[in-house]
Structure formats: C-alpha cells, structure tokens
Amino acid sequence: MDPFEYVIVLISLILGIGIAQLLNGLADMLAQYKKVKFSTAHTIYILIIFLVFIQDWWYSYQYSKQINAWTLPIVMALLSFPIFLYLLARFLFPTGSRSQETDMVTYFSENWRWLYSFFVSTIVISILQNVYISGLTWKENMPHFCYMGVYLIFIVGNFKNMRYHNVFMILQLIQWIVLFAVDKNMLH
C-alpha cells in the first residue's frame, strides 16, 4: 500500500460517514413524511452538501499525483475538509433535545446563519488546500472567493426572508449540477 492509499482510506471513511449522516437524516424525515414540515431551502441544502461530499471524494484522487512527501501536517490539512463537512452534515438535522423536531422550516430559519458560517469554513479550507497543497494561485481561487462572498453577504446581512434562501439554494444547486456536467477531470 502506498502512502496515498493509506491516507485516502481515512479520508474516504470520514466522507462515507458524512454521507451516511445525510442519508440517515433524510431517511428519518421521509419516514415521518406526514409529520414533517419540509423547508425548500433546507432540503436543497442537504442535496448541495451531498454533492460537496461527492466532489471532495472525486477530487481527493488528485493528491495521488500532487503530493510526493506525505507528512502528518499535510494529512491533517487534508482531513480538515471532510471533518468539517461531516460536522455540517450532522448539524443539518435536529439533534439532542430537538431530535424529535419535525418542523424543518423553523429549524432552518433558526440555524441557517450557523450552517452557512460552517460552510464558509469549508470554503476557506478549500482555498488554503488549493494554494498550499495543490499549488493554485490566489487568483485561480477567485470563484471560491466569490462563492464565499455570497455566503458572507447572507450571514452579515442577516436575511430572514426564506424566499431569499430558497432562491440562493436553487441557484447553488443549478451551479453544482452544471459543474458536475461540464467537469472533464478523469481518474488516471
């Protein structure tokens, strides 16, 4: 087993339990379909986070070609993204004293700033990984900065009207679908 294979097992494990968390939460909601008050923004956000998990898994393969010397700091840096994604997946659903909550509109309305802030941290991690591990320039990360900027506008602006969140989530979902459709990266 080469070093990349050794490291990717742990990354894949964390990504896998994160995806399982999303699927479990979604399955719990669907199992109580008649009791759950679904939120458009929340439901689309779950799908977006699922796509981010898949994208991270897909792009992790590039490190097999980019990293020659595997050190603990590099491994920890690479683990930070899936760990934050897992935590975000866990926070997407009511837990603890709220675990029986079925009003996802209220849950998302009360927690969107926290969820968005956590997602911003994954964008920051992605930018840092792109620059310090993948060797991209800060300028090449401009799409990430723009993406983060829109999230920050929502967070700082404290938009409470859920229509804005619904539109934001729909536009993001379209962006992710287009990204997946036009991506030419292949595993080799």
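## A chat about the helices

Visitor: How many residues has helix 6, and how far does helix 6 reach from its first C-alpha to its last?
Guide: Helix 6 has 16 residues and reaches 22 Å, close to the 22 Å expected at 1.5 Å a residue. The expected span is 1.5 Å times one less than the number of residues. Helices here are DSSP runs of H or I, at least four residues, numbered from the N terminus; strands are E runs of at least two.

Visitor: What should I know about the model and numbering?
Guide: This is a predicted model: local features need pLDDT of at least 70, side-chain atom pairs count only at pLDDT 80 or more, and totals for chains, interfaces and linings use all residues. Residues are numbered from 1 along each chain as its sequence is written, and side-chain values use heavy atoms, with hydrogens and water left out.

Visitor: Back to helix 6. Which residues are buried?
Guide: Y147, M148, Y151, F154 and I155. Buried means under 20% relative accessible area, exposed means over 50%, and partly exposed is in between, with a 1.4 Å probe and protein chains only. The arc is taken from the directions from the helix axis to the C-beta atoms.

Visitor: And what does the face turned away from the buried side carry?
Guide: The exposed residues I153 and V156.

Visitor: Which helices does the buried side pack against?
Guide: The buried residues of helix 6 pack against helix 2, helix 5 and helix 7. Contact means heavy atoms within 4.5 Å.

Visitor: What follows helix 6?
Guide: N158, with a positive phi near 50 degrees. N158 is not a glycine. It lies in the loop between helix 6 and helix 7. At a relative accessible area of 26%, N158 counts as partly exposed.

Visitor: On to helix 7. What span should it have, and what does it have?
Guide: Its 21 residues should span 30 Å at 1.5 Å a residue, and the end C-alpha atoms are 30 Å apart, which agrees. Its buried residues are M162, H165, F168, M169, Q172, L173 and W176. They cover an arc of only 135 degrees, which puts them on the same side of helix 7. The face turned away carries the exposed residues R163, L171, A181 and V182.

Visitor: What happens at the start of helix 7?
Guide: A side-chain oxygen of N161 comes within 2.9 Å of the backbone nitrogen of R163. A polar contact is a pair of N or O atoms within 3.5 Å; within protein, one must be able to donate a hydrogen and the other to accept it, and residues adjacent in sequence count only if both atoms are side-chain atoms.

Visitor: Where does helix 4 bend?
Guide: At S80, by about 30 degrees, and a proline, P82, follows within four residues. The bend is the angle between axes fitted to the seven residues ending there and the seven starting there. Helix 4 covers residues 72-91; its 20 residues should span 28 Å, and its end C-alpha atoms are 28 Å apart, which agrees.

Visitor: What does the buried part of helix 4 pack against?
Guide: Helix 1, helix 2, helix 3 and helix 5. Among the buried residues are F81, P82 and L85.

Visitor: What does Q129 touch?
Guide: Y63, A77, L78, S80, F81 and S134, not counting residues up to four places away in sequence. Q129 lies in helix 5 and counts as buried at 6% relative accessibility. A polar atom of its side chain lies 2.6 Å from the backbone oxygen of A77.

Visitor: And S126, buried or exposed?
Guide: Buried, at 16% relative accessible area. S126 touches F81 and H144, leaving out residues up to four places away in sequence. The C-alpha atoms of S126 and H144 are separated by 8.1 Å.

Visitor: How many residues has the largest nonpolar core?
Guide: 53 residues. Y45, I49, Y116, F119, Y151 and M169 have the most contacts inside it. Helix 5 gives the most to this core, with 11 residues. A nonpolar core is a set of buried Ala, Val, Leu, Ile, Met, Phe, Trp, Tyr and Cys residues joined through side-chain atoms within 4.5 Å.

Visitor: Last one. What does the side chain of S60 reach?
Guide: The backbone oxygen of D56, at 2.7 Å. S60 lies in helix 2 and is buried, with a relative accessible area of 2%.
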